[in-house]
Amino acid sequence: MKKWGEKPYRSLDYELKRRYGGKLYKVALDAGFTCPNRDGTIGYGGCSFCSGGSGEFAGDRRDSIETQIEKGIAGLTRFKASGYIAYYQAYTNTYAPTAVLQEVYEPAFLHPQIDVVSIATRPDCLDDDVIRLLASYQKRKPVWVELGLQTIHERTAEKIRRGYQLSCFTDAVSRLRQIGIEVIVHVILGLPGESTEDMLETIQWLNRMDLQGIKLQLLHVIESTELADWYQAGMFQVLTMEEYVKLICLCIGHLSEHIVIHRLTGDGPSSRLIAPEWSTAKMQVLNAIHHELKVQGISQGCLERDTYDFRTDNFV
Ligand code: SF4
């Protein structure tokens with residue numbers, strides 16, 4: 001029996017089964033927010049890769065949250081679900097006055113089939129009022145917060161116009177952890193100008209943070225983004241499938257065992273995807289990753305030299 005069921009890494013499915021006895025399915029929601037990096041507060045146009053706040057698979061923002069949850073669950077009835085995760089996915093889901101946030105969050109906390117509420121946001125949109133609000137919700141149901149860091153390297157962050165510094169992320173993680181909220185970080189692999197070493201440095205740095213989950217995502221070039229202009233001008237190349245498979249296996253090997261892997265590929269909208277085209281064959285990519293892990297004998301954390309204990313602030 002392997003450590004994490006059938007896979008050589010701590011997958012989200014494994015973790016949910018351990019905690020809830022079965023699989024929880026995500027109901028992706030669009031609560032009608034925007035993003036300070038798009039509306040002019042921090043910048044216009046958003047991060048260079050952003051095609052709409054990753055909300056392409058979310059519900060319809062014209063529907064109420066109650067309706068989106070009901071429709072989302074109805075669309076998942078063919079699966080044997082132990083429960084559901086309300087996933088506030090589109091744009092920046094803490095970017096509003098707390099009275100508005102309460103209105104938007106309340107239906108998920110009232111819904112009997114929702115077990116977990118996951119909120120995607122930016123670390124610079126978590127002021128004290130929002131933290132207090134999340135703390136009160138955390139007492140009712142587990143709350144996860146997903147933060148799109150993408151990279152630890154400031155030069156890349158500037159290039160992709162992320163709009164906040166690494167210290168902002170560390171501060172947000174620490175304040176969320178003080179109120180017991182699980183934090184899931186998003187990392188993009190294959191960003192322009194980043195080497196394998198750069199990406200592994202990001203993983204090793206994240207090992208030292210008090211993080212509970214990670215989404216490792218392949219860089220997608222989506223129509224009508226700044227990244228698409230750069231790509232079409234020949235300013236960078238996307239990863240081949242072979243390169244990505246090798247890279248993701250290295251990342252898994254370097255990632256601390258305690259961090260749950262929520263994603264290993266990416267979920268770009270295929271109708272607007274420019275590159276890499278191979279990424280649409282998601283099952284094939286996942287199979288290739290699993291095969292490579294086996295061939296290389298890699299399991300999560302096996303390449304991590306030191307483990308950092310954030311409680312004692314020491315390598316152990
Ligand atoms: S922070 Fe998120 S929603 Fe805002 S521009 Fe960047 S990727 Fe898009």
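The questions below concern a predicted model.

Q: Which residues touch the most other members of the largest nonpolar core?
A: In soluble globular proteins, nonpolar side chains tend to be buried together. The largest nonpolar core of this model holds 84 residues. Those that touch the most other members are A86, I214 and I248.

Q: With which residues is I214 in contact, leaving aside its neighbours within four places in sequence?
A: I214 belongs to the largest nonpolar core. Once its neighbours within four places in sequence are left aside, the contacts of I214 are I184, V185, V187, L206, L255, I259, I261 and H262.

Q: Where is P276, and is the peptide bond from A275 to P276 cis or trans?
A: P276 lies in the loop that runs between β9 (273-275) and α10 (282-296). Most residues other than glycine have a negative phi, and most peptide bonds are trans. The bond from A275 to P276 has omega near -10°, and its form is cis.

Q: Is Y91 buried or exposed?
A: Y91 sits in the loop between β2 (83-88) and α3 (98-110), and its phi is positive, near 60°. A residue is buried if 20 or more other C-beta atoms lie within 10 Å of its own. Because Y91 has 27 C-beta neighbours inside 10 Å, it counts as buried.

Q: Why does Q150 count as buried?
A: Q150 is placed in strand β4 (residues 143-150). Its phi is near 75°, a positive value in a residue other than glycine. Q150 counts as buried because its C-beta neighbours inside 10 Å number 22.

Technical notes: Residues are numbered from 1 along each chain as its sequence is written. This is a predicted model: local features need pLDDT of at least 70, side-chain atom pairs count only at pLDDT 80 or more; totals for chains, interfaces and linings use all residues. A nonpolar core is a set of buried Ala, Val, Leu, Ile, Met, Phe, Trp, Tyr and Cys residues joined through C-beta atoms within 7 Å. A residue is buried if 20 or more other C-beta atoms lie within 10 Å of its own, exposed if 12 or fewer, and partly exposed in between; C-beta atoms are placed from the backbone. Two residues are in contact if their C-beta atoms, placed from the backbone, lie within 7 Å. Helices (H or I, at least four residues) and strands (E, at least two) are DSSP runs, numbered from the N terminus.
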